[in-house]
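Here is a friendly walk through one protein model. Have a look at the fold first, and then read on.

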Amino acid sequence: MMSDNHTPTTMKDIARHFGVSIATVSRALNDSSRISEARRKEIQQYAREHGFSPNIMAESLRSRRAIKVIGVVIPQFTHFYFSSVLSGIEDEALKHGYRLMVAQSNEQYEREVDICRSFYENQVCGIIVSQAKDTTHYEHFEKLIAKGVPLVFYDRICTGVNASRVTVDDYTGSYAAVDYLIKTGCRCIAFYSSPMKLEISKNRYNGYRDALLKNGLKPDASLVKICDNREDAERITPEVLAMENRPDAFFAVNDDTAIGILFTAKRLGLSVPDDISICGFTNGQRAIACDPMLTTVEQRGVEVGRQAADILIDKIEGLVPKDKVEKRVVRTRLIVRGTTR
């Protein structure tokens, strides 16, 4: 409910009701241990029942300090992996009293530049970013660092910028997947990759190639395709399956691409995994929603997000120097399901 005159309930109203100061109400609403648990719950319940909504800007002016906000750049919200990373960032940020300002680059360099500029103008405490696929110039990142804004990359790191980053062990995950495909009898394995200018693409390709070489198989450039989404996978897979050296297995850079391969193979009358084995890389919800369920490399996006936020918050709060570069790697694991033998 609202206050009796139907105007929004304020902290002043709550303070008057309980006969306490506005500062006490603010601390109670922010779950401060300086207020007794019983009093906190009492004030919080009253605020909920009376539809209290905090005025963030007013709160900032009252406290004479900037609100603690972290900027997060997501390439695409529709990808399970990026949304899971965001969940991990939020989990860690909330523990330390930070709010998130989130924006989607939609894989566009210019949009990424604008987002970084907007974050800086809005005085975020720091930024966590996965670069867009078509980003090849990094001045916008370098400017942020030069201005003292802590910056942490995740997943798609920028090797041209000396900044902290959190990645998964792309090489090891890729190697394990392809090695498993070979161990189950596959000899002609296609690889669908993101653009090779991305570090994750290079690492996953190297794992794919080295697994082939270790098992005495020669890499074939005609089996490596730049294809990292379901739509493109459905478009090019019929051509790949019509090749003279038709693959008996596919390793895809993400689950959506792998599912596109699976859909196409079944549409063409092929049996999975009897005729063709398929392995993805993510382990999102779609991996268990297809038939058969998808063998994939688990990427652990939530943990990546937590680690990225942990590094950034340590920099913001002065626990480590802002210019200290920290590199963390989150381990992957192969999840074997029905699309492989």
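## About the model

This is a predicted model, in which local features need pLDDT of at least 70 and side-chain atom pairs count only at pLDDT 80 or more, while totals for chains, interfaces and linings use all residues. Residues are numbered from 1 along each chain as its sequence is written, and side-chain values use heavy atoms, with hydrogens and water left out.

## Helices H5 and H12

Let us begin with H5 (residues 80–95) and H12 (residues 301–316), whose axes come within 6 Å and cross at roughly 45°. Axes here are lines fitted to C-alpha atoms, for helices over the stretch in contact, and angles run from 0 to 180 degrees between N-to-C directions. Helices are DSSP runs (H or I, at least four residues) and strands likewise (E, at least two), numbered from the N terminus. H5 and H12 are therefore oblique to each other; angles under 35 degrees count as roughly parallel, over 145 as roughly antiparallel, 65 to 115 as roughly perpendicular and the rest as oblique.

The crossing of H5 and H12 is right-handed, that is, the near helix is turned clockwise from the far one by less than a right angle. On the H5 side the contact (heavy atoms within 4.5 Å) includes Tyr81, Val85 and Ile89, and on the H12 side it includes Val302, Arg306 and Ile313. Its residues divide into eight nonpolar, four polar and four charged. In this grouping Ala, Val, Leu, Ile, Met, Phe, Trp, Tyr, Cys and Pro count as nonpolar, Asp, Glu, Lys and Arg as charged, and the others, Gly among them, as polar.

## Helices H8 and H9

H8 (residues 170–183) packs against H9 (residues 199–214) at an angle of about 35°, with axes 7 Å apart. This crossing is right-handed too. Among the residues making the contact are Tyr171, Tyr175 and Ile182 of H8 and Ile200, Tyr208 and Leu212 of H9.

## Nonpolar cores

Ile189, Tyr192 and Phe251 have the most contacts inside the largest nonpolar core, which has 62 residues. Such a core is a set of buried Ala, Val, Leu, Ile, Met, Phe, Trp, Tyr and Cys residues joined through side-chain atoms within 4.5 Å. Another core, of 19 residues, lies apart from it and includes Ile115 and Leu151.

## Ile157 in its loop

Ile157 sits in the loop between strands S4 (151–154) and S5 (164–168). At 13% relative accessibility, Ile157 counts as buried (under 20% relative accessible area, with exposed over 50% and partly exposed in between, for a 1.4 Å probe and protein chains only). Beyond its neighbours within four places in sequence, Ile157 is in contact with Gln131, Arg165, Thr167 and Glu199.
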